[in-house]
Amino acid sequence: MARFATGSGPSQRQLRVSEQVRHAVSQVLQRGDVRDDQLENAVIAISEVRMSPDLKIATCFVSPVGATDSEAVISALNKHARFIRGRAGVYLKSMKYMPEFRFRIDTSFDNYAKIDALLRKPEVTRDLTDDDNDDDDGGDPNPGDVPGHGDN
């Protein structure tokens, strides 16, 4: 029998460590320790960090705000990943091994915007409002005869 189920989500330990790493990397970037022209002109939001099961690789999903070229910001972060790793070690003293940092662009906000745009289409809003008006039971959440309710 396998010790860990395949396909299951991250463990509690992975989630806890990923949140600690997210805070540590945020602190390093917030202090302005990393000197790069691409990073100085952008506000970098770290939305999520995913840890590998052995906690040796941390994939940081970032959203550069105010940057014209997001790919250039990601490549600058990956170029300075070892420096960021060294500075983050101050905040992650309790870890046995310092994870390797990898930076990726976070596309989840784009996905949310696409879903929001789909939900705001006239065809979809019409269908959603038509379903609400199709109730022929007078708004009763429990139509019909329910034992124990009504006339005795």
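A residue is called partly exposed here when its relative accessible area lies between the limits for buried (under 20%) and exposed (over 50%), computed with a 1.4 Å probe on protein chains only. The views below show a predicted model, in which local features need pLDDT of at least 70 and side-chain atom pairs count only at pLDDT 80 or more, while totals for chains, interfaces and linings use all residues. Residues are numbered from 1 along each chain as its sequence is written, and side-chain values use heavy atoms, with hydrogens and water left out.

**View A. Salt bridge between Arg-102 and Glu-100.** A salt bridge is a side-chain nitrogen of Lys or Arg within 4 Å of a carboxyl oxygen of Asp or Glu, and the structure holds five of them. Between Arg-102 and Glu-100 the closest N and O atoms are 3.3 Å apart. Arg-102 is partly exposed at 30% relative accessibility, and Glu-100 is likewise partly exposed, at 37%.

**View B. Salt bridge between Arg-50 and Glu-48.** The closest N and O atoms of this pair lie 2.9 Å apart. Arg-50 has a relative accessible area of 46% and is partly exposed, and Glu-48, with a value of 32%, is also partly exposed.

**View C. Salt bridge between Arg-22 and Glu-19 in helix α1.** The two side chains meet at 2.6 Å, N to O. Arg-22 and Glu-19 are separated by about one helical turn, because they stand three residues apart in helix α1, residues 12–31 (helices, H or I, are DSSP runs of at least four residues, numbered from the N terminus). Glu-19 is partly exposed, its relative accessible area being 34%.

How values were computed: Helices (H or I, at least four residues) and strands (E, at least two) are DSSP runs, numbered from the N terminus.
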